Amino acid sequence: MPTYNTSVSIQDTDGNSSATVALTAGAGSRRFLEVYVPVSAGTIAAHSGVTWGGVALTQRGSAVDNGANGRMTHWYLPEADFPGGATGNAVATCAASQDTIGVFAIISNDVNQATPFENASQTTATGVDNSASLTVTSTATALITNAVCGVNGSSEDIGINVGTGTSRQELETAADFVTFALSTVAGASPSVAPSWTFTMSGGDTMSTCGMIGDALKDDPGGGGGGNPWYYYAQQ
């Protein structure tokens, strides 16, 4: 199955329209970048685009809104399009200033470059509970990536714990209104259910949460037998 390479994240609370985090890919083959962009604002704006080292990523599906104040999008880039040196700033830009912009960038190895996703569409879910989960159609050789965006109406958001999967990045605002997180889960047939639990104070319940999950298709590489080219040249 695809394997974890590296991940980085940032939660920008300066009220501007973009967020930037430095990203350098680790060594690997058939590498594949995904960037999840969760946002919180009084009025959420369109997500204009994501770049890495100046190279534009492609958006996967549509934005997912959790309530009136949270939005998340999902972007990707195959290895052939990586910037020089496979390093640079990952920049997410919105159409207007936002209170909080998150950037979760994750690179995986051994992903099929021609058809990187197992499913025609990404999986999404929204809710108003302290538990967030979704069910992603999968195979035993897939790797599930997923991100969650929790936005609370008051400052009772203490933290988050991963339920199913391996937590890769978790971020919280100082004001305790917003939590963003990213995890990976090993694939299984016919489905996998990544999950998270929000920790709230005073018996509060998370006002809104949204999730996006996707199944990356395996490409272990390798080659067949046969003779090298110089064998045939000498015949």
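Here is a short walk through the structure, one selection at a time.

Before you click, note that this is a predicted model, where local features need pLDDT of at least 70, side-chain atom pairs count only at pLDDT 80 or more, and totals for chains, interfaces and linings use all residues. Numbering runs from 1 along each chain as its sequence is written, and side-chain values use heavy atoms, with hydrogens and water left out.

Start with Leu33, Val35, Val37, Trp52 and Leu57, the residues with the most contacts inside the largest nonpolar core, which has 23 residues. (Such a core is a set of buried Ala, Val, Leu, Ile, Met, Phe, Trp, Tyr and Cys residues joined through side-chain atoms within 4.5 Å; buried means under 20% relative accessible area with a 1.4 Å probe, protein chains only.) Elements giving two or more residues to this core include strand 3 (32-40) and strand 10 (100-109); strands are DSSP E runs of at least two residues, numbered from the N terminus.

Zoom in on Leu57: beyond its neighbours within four places in sequence, its contacts (heavy atoms within 4.5 Å) include Leu33, Trp52 and Trp75.

Next, show the open antiparallel sheet, 4 strands in the order 2-9-4-5; strands pair if DSSP finds at least two bridges between them. Strand 2 and strand 5 (55-56) are at the edges with a single partner strand each, so one side of each has no neighbour in the sheet. Between strand 2 and strand 9 there are 7 bridges, and Leu23 sits opposite Gly88 in strand 9.

Finish at Arg60, in the loop between strand 6 (58-59) and strand 7 (64-65). Arg60 is buried, at 10% relative accessible area. A polar atom of the Arg60 side chain lies 3.2 Å from the backbone oxygen of Ala120.

Definitions and conventions
Buried < 20%, exposed > 50% of the residue type's maximum accessible area, 1.4 Å probe, protein only. Polar contact = N/O pair within 3.5 Å; in protein donor to acceptor, adjacent residues only side chain to side chain.
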